[in-house]
Amino acid sequence: LASREFKRENTVVRVSRNVEIGGKKIHVMAGPCAIESRDLMNDTGKIVKEAGGTILRGGAFKPRSSPYAFQGLGEEGLKYMEAVGEKLHMPTISEAMTVEQVELLSKYCDIIQIGARNMQNYDLLKAVGRQKKPVLLKRGMAATVKELLLSAEYILSQGNYDVMLCERGIRTFEDSTRFTMDLNAVPVLKKFSHLPVILDPSHGIGIREHVGTMAKASIAVGADGIIIEVHPRPEEALSDGPQSLLPEQFRNLMKELNLVAKAV
Ligand code: PEP
Ligand code: MN
């Protein structure tokens, strides 16, 4: 169902508030890695909206490497983000880590994210396939493009056709960056599949200074959008501060992205 053989024309995923992903317009999903407080979501939402971002991101359930690290605010956090989305007329995206969380996510958010660590959690894939909200499926850090497409198939085969594929960096022998963002995946996915492709340069390179460069590369290589971490005070962030853009960097990047989008 994910293949071009099954469906020739590009899929346009319709999100609430008239946002369409996979069409002519490039979408920027931005916000903090984690929803840390009501104030943070208010402040960041405003920054994202004013700079031209179209979707607000924020994690309420965080898949942290350490069990002692901040795990997210859960439902309380989802309420904060929903309120900001409502106020700014922006759709929101957040991650579901378990089957039990899916109902909550589909209640409060407009797009459900499946994180890299859960790309092959097949019960979770089936669960998001059984509900109606669009799904952003992130590629596992050690998964091939084929495996990503097979995971998308799990969601599609349950009846949810609103699936976006996300390259967020894979593990290679390279250790000078957090992950290696596989730009090759974009033309390959575009050839094999009709689904929209989103890139995540924040996790993809993991170094604030270089995130903008890879964001521009993402648009140049043909992505339908990007998902990017922004924080008003990254040094205080409870998650992924070192890769979160400062508001000023984000504003400048948005201008540059518009230029790149015009050129491609
Ligand atoms: C995130 O978006 O903050 C995240 C945890 O992403 P990934 O699953 O790609 O690591
Ligand atoms: Mn993150």
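The mean pLDDT of the chain is 98, and 100% of its residues reach 70 or more, in what is a predicted model. For the complex, the predictor gives an ipTM of 0.99 together with a pTM of 0.98. The fold is built from nine helices and 10 strands, and eight of the strands form a closed barrel with parallel pairing.

**The barrel**

- The order of strands around the closed barrel is E3-E4-E5-E6-E7-E8-E9-E10, and the pairing is parallel.
- On average, and with direction ignored, neighbouring strands of this sheet are turned by 25° against each other.
- Strand E3, which covers residues 27-31, runs parallel to strand E4, which covers residues 55-57, and two bridges join them.
- Within this pairing, Met29 has Ile55 in E4 as its bridge partner.

**Overall dimensions**

- The C-alpha trace of the chain spans about 45 × 40 × 40 Å when taken along its principal axes.
- The chain has a radius of gyration of 17 Å, which agrees with the value near 18 Å that a compact globule of 264 residues would have.

**Burial and contacts**

- Of the 264 residues in the chain, 51% are buried.
- When contacts in the chain between residues at least 6 apart in sequence are considered, 67% of them join residues that are at least 24 apart.

Note on methods:
Residues numbered from 1 in each chain as written. Chains lettered and ligands numbered in written order. Predicted model: local features only at pLDDT ≥ 70, side-chain atom pairs only at ≥ 80, totals over all residues. pLDDT = per-residue confidence, 0-100. Pairing = 2+ DSSP bridges. Helix = DSSP H or I, 4+ residues; strand = E, 2+ residues; numbered from the N terminus. Axes fitted to C-alpha atoms, helices over the stretch in contact; angles between N-to-C directions. Rg over C-alpha atoms; globule rule 2.2 N^0.38 Å. Buried ≥ 20, exposed ≤ 12 C-beta atoms within 10 Å, placed from the backbone. Contact = placed C-beta atoms within 7 Å.
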